[in-house]
Amino acid sequence: MSLVQGLETYSADFGDGIEFTLVAGERALYVDGDLQAARRWFDDAYRMAQGENNAPAMARAALGLGGVWVHEHRTTVEAGLIRMRQRHALSAIDPRSTLALRLRARLAGEEDYRTAEHAAIIKIVAEARRAGDTQALAEALSLAHHCLLAPEHGMLRADLAEELVSTAGSTGRRGDLLMGLLWQTVDRFMAADPHAERALEELRSRLDLHDNRAVGFVVSAIDVMLAIRTGRFGHAENLANVAAERGAVAGDVDTTGWYGGQLGTIRWYQGRIAELVPVLLEMVNSPMLSAVDNSYFAALAVASAAKGDKRLAAGMLARLRGRDLADLPRSSSWLSTMYGIVEAAHLLDDAETSAEAYQLLAPFARLPVIVSLGVSCFGSTRHALGVASLTVGDLDRAVDHLRGAVQDNLALGHWPAAVLSRWRLGQALARRNGPNDDAAREMALATEEAAELGMVLPSVPESRAPIKSKDVGKCRRHGRHWQIDLNGRTVLVDHSVGMRHLATLIANPGCEIRATDLAAGPGMIDGETETAQPVLDEQAKRTYKQRLAQLQAEIDELESQHDLGRTETLRAERDWLVDELAAATGMSGRVRRFTGSEERARIAVGKAIRRALARITEADPIIGDELRTTVQTGLRCCYRPADR
């Protein structure tokens with residue numbers, strides 16, 4: 001039966017008075033999901049009931065004005081007026097009545113949602129169960145579910161949605177079943193359930209039988225999310241326009257905010273997020289956004305950082321952090337807000353914010369970053385954890401998270417997110433190990449896939465980018481230390497076998513040197529320019545051996561005196577000298593040649609150089625990152641500065 005046909009029936013039964021108006025509103029709300037029409041009917045009914053001092057009718061109208069979602073009335077004046085009407089109606093009716101229970105559920109749900117809590121509405125759910133009123137229980141269950149959209153409440157939400165589906169069969173309102181199926185669908189997407197799309201198809205088949213504008217709008221938004229996951233950005237943008245039209249027809253106040261979020265997601269993966277700065281500047285303070293939604297501040301931070309406006313980006317991050325990042329209210333947009341914070345902090349090289357965000361996100365590593373009720377998706381939370389780790393310099397952790405994120409995103413079928421995670425993984429591998437085959441492979445694959453999808457990958461933060469310089473580095477040894485000079489910067493690091501290899505490469509810029517020759521030591525390179533830094537000459541070897549004998553005598557004496565502290569210090573120096581002699585000479589005292597295959601030399605030399613680069617990066621990240629970019633390891637190793 002259409003709304004018009006229904007109204008004709010109700011008109012015949014009840015005339016054109018309050019009852020007709022209330023029934024029309026209830027049909028629009030609970031059957032057709034026409035939020036816009038329902039508000040008009042209930043507003044008229046409330047005024048009529050108030051004029052006739054009809055308390056029960058006033059209560060039904062005030063209840064209907066709340067809508068089906070929580071926080072449908074966004075402006076301070078509008079929300080205040082609805083609360084006032086609901087409280088006034090509640091005070092005028094029997095507090096033990098079902099209407100009173102339903103009104104208290106609505107007021108509790110609104111307050112819990114506004115404060116990011118849920119205790120009051122859960123208490124009302126228990127009361128509705130005891131009362132045995134299925135309509136009151138269905139409404140309380142749906143309101144409670146809406147108040148529990150933070151990522152930590154997944155199991156409780158699933159229980160509430162299942163109970164709502166079971167209860168819906170007894171309410172006599174078709175919309176209750178659709179709402180229960182919708183919540184189950186949303187929960188499965190938020191949990192990365194591989195059968196989430198099955199639930200969506202069941203819901204869609206129900207809508208095909210009889211449309212519900214409110215639920216249909218959410219389904220159309222989920223369709224946008226799925227199109228973004230496939231990387232069909234043009235198609236996704238067209239679907240976003242269609243969804244926005246459906247939302248406007250339904251009268252859903254989230255229409256503008258959801259459309260902006262979908263467009264922002266598309267532009268992020270296209271590499272065009274900076275274009276949205278003017279729009280986001282207008283949106284961040286819109287009264288139409290949810291009271292607990294901070295995602296637009298995070299989006300503006302990312303967009304302005306991508307545009308190069310570091311002041312605006314830093315300001316948005318500061319606003320989000322407040323006194324403590326942990327104070328941000330947990331809501332359906334919390335994960336996406338944290339994702340934006342992490343990406344903006346990475347672009348700004350803000351390690352402090354990244355470290356805070358990491359701790360907050362860590363418990364949700366296995367969840368996808370779903371926006372609201374399935375409006376959009378940014379892929380695996382492990383991507384954000386990996387980017388945060390990359391920013392703070394924990395490269396092992398970054399590699400682990402980003403590898404996991406690639407797999408998670410492939411499982412989600414989110415190709416743009418998989419590409420971006422692969423790109424960040426390549427960066428993490430390059431920073432951890434220096435230029436190497438694994439890093440090059442990941443970044444090359446990400447670049448190829450990005451081109452196929454029409455994505456522009458984000459750049460490396462300025463402080464992490466290679467030094468753009470024509471200067472060639474210099475490396476000089478000072479006893480147990482090496483001094484590296486590069487582009488006006490100087491760093492001093494301890495000696496190691498890897499530093500000896502690195503010094504040879506830096507002394508021969510642009511020349512490819514076999515790993516076997518580097519392993520053999522100075523003087524053994526065939527056909528290459530001689531390194532300016534011999535490792536151990538004969539005098540040095542004699543001095544080292546004399547010092548070894550002296551150290552052993554001192555260690556024996558201190559051990560007899562049980563002086564463990566000084567003994568450990570001398571043992572460390574002895575071990576270092578032994579390593580030096582072993583690295584530079586063979587068992588017979590001759591210059592050491594590498595005795596294995598080229599592959600063994602490649603592995604040993606590569607590891608030694610990467611350890612040296614890690615020590616340099618710890619002392620000076622800018623010099624370290626430049627050398628990671630310009631030093632190539634493999635069967636042949638080479639230092640290729642920017643102008644070579």
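Among contacts in the protein between residues at least 6 apart in sequence, what percentage join residues at least 24 apart? The share is 63%, where a contact is a pair of heavy atoms within 4.5 Å.

This is a predicted model, so local features need pLDDT of at least 70, side-chain atom pairs count only at pLDDT 80 or more, and totals for chains, interfaces and linings use all residues. Residues are numbered from 1 along each chain as its sequence is written, and side-chain values use heavy atoms, with hydrogens and water left out.

**View 1. The β1–β2 hairpin, with four residues between its strands.** Strands here are DSSP E runs of at least two residues and helices are H or I runs of at least four, numbered from the N terminus. β1 (residues 368-371) and β2 run antiparallel, joined by three bridges; pairing takes at least two DSSP bridges. Val371 has Ser376 as its bridge partner in β2. In the turn, Ser372 shows a positive phi of about 55 degrees. As for β2 (residues 376-380), five of its five residues are buried, meaning under 20% relative accessible area with a 1.4 Å probe, protein chains only.

**View 2. The largest nonpolar core, with 142 residues.** A core like this is a set of buried Ala, Val, Leu, Ile, Met, Phe, Trp, Tyr and Cys residues joined through side-chain atoms within 4.5 Å. Trp69, Tyr269 and Met338 have the most contacts inside it. Helix α12 (residues 213-229) gives the most, with twelve residues.

**View 3. Around Tyr269.** Skipping neighbours within four places in sequence, Tyr269 is in contact with residues including Ile228, Cys377, Phe378, Gly379 and His414.

Conventions. Buried < 20%, exposed > 50% of the residue type's maximum accessible area, 1.4 Å probe, protein only.
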